[in-house]
Amino acid sequence: METILEISGVGKNFGGFTALEGVDLKVASGERLGLIGPNGSGKTTLINCISGALFNDGGSIRFNGSEVSRKPAHERTRLGIARSFQIPRPFRSMTVLENLMVPFAYVCGISGNKARAEAREILGHMGLADKADVLSSQLSQVELRKMELARAMAARPKLLISDEAMAGLAGAEVDEVIKILFELNAMGITIIMIEHIMQAVMSFSQRVVCLDAGRIICEGSPQEVVKNPHVQRAYLGH
Ligand code: ADP
Ligand code: MG
């Protein structure tokens, strides 16, 4: 399997606080990877370092064979790294369709009818076709989460990182979002799913990595990882 993302020795400090230390992680092209860990273990910080929202302090991040750790976020987006945010940040006064036009214009450099047609196609994948002309401020929680994923998809990513896209959703809604992530993966997109809902991670991921206090403490199949005593202590509080 070809490696799409290779993280080696990545660290991140905030003042005197070490949020990430010596993180090594390889992700295969087309993989579905689950990233778990207790609150504050560094999951979002790692995603921020991969996407370019933050610069890592040490180590390297290679994407598709080239070093990206000193590239600004917009360049990484153009190379194919997209992420959804743990706290959705829609343009509330714009319609759902208009929210997608923004990444099309800035990332892909396309606008007008071509962008609108592609945006409608992505909204179709998300089950949001009939919401295209609704103001994003009027969406329900699950619709907002789907729009976040749609906005990430508008950048035509090779790697999609979903940061707790299911937080606050009910059971059936969680299943809808998992189904969407499976479909995007079937289209060839590598997916890293960060999720607190263990059942979602278990059913989606081919491999799971667990962070604790900024370090990777365990990786393996979902079944192996949930049984691991370090993970049970750190994550499940046993
Ligand atoms: P997770 O996503 O696993 O819950 P985070 O990556 O958000 O964890 O946070 C890891 C640790 O780093 C936490 O202790 C958090 O308070 C700290 N942290 C995250 N971002 C910042 C920041 N911008 N400035 C200072 N501390 C931060
Ligand atoms: Mg987080």
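In this predicted model, Phe182 is partly exposed, with a relative accessibility of 32%. Phe204, by contrast, is buried, its relative accessible area being 0%, which falls under the 20% limit for buried residues. The two residues form an aromatic pair of the edge-to-face kind, with 5.0 Å from centre to centre and 65 degrees between the planes. The angle counts as edge-to-face because it is over 60 degrees. A search of the whole structure finds one aromatic pair. Phe182 belongs to helix H6 (residues 171-186) and Phe204 to helix H7 (residues 198-204), so the contact ties together parts that are 22 residues apart in sequence.

A further phenylalanine, Phe85, is involved in contacts with arginine. The charged end of Arg83 sits over the ring of Phe85, at 4.1 Å from its centre. Arg89 also lies over the face of Phe85, and its distance from the ring centre is 4.1 Å.

The magnesium ion (ligand 2) has Thr44 and Gln86 as its protein donors. Thr44 contributes OG1 and Gln86 contributes OE1, and these atoms lie 2.1 to 2.4 Å from the ion. Thr44 is partly exposed, with a relative accessible area of 26%. Gln86 is likewise partly exposed, at 29%. Both residues are assigned to this class because it spans the range between the limits of 20% and 50%.

How values were computed:
Residues numbered from 1 in each chain as written. Chains lettered and ligands numbered in written order. Predicted model: local features only at pLDDT ≥ 70, side-chain atom pairs only at ≥ 80, totals over all residues. Heavy atoms only, no water. Donors = N, O, S within 2.8 Å, 3.2 Å for Na, K, Ca; no water. Buried < 20%, exposed > 50% of the residue type's maximum accessible area, 1.4 Å probe, protein only. Phe/Tyr/Trp six-rings, centres within 6.5 Å; stacked < 30°, edge-to-face > 60°. Helix = DSSP H or I, 4+ residues; strand = E, 2+ residues; numbered from the N terminus. Lys NZ or Arg CZ within 6 Å of the ring centre and 35° of its normal.
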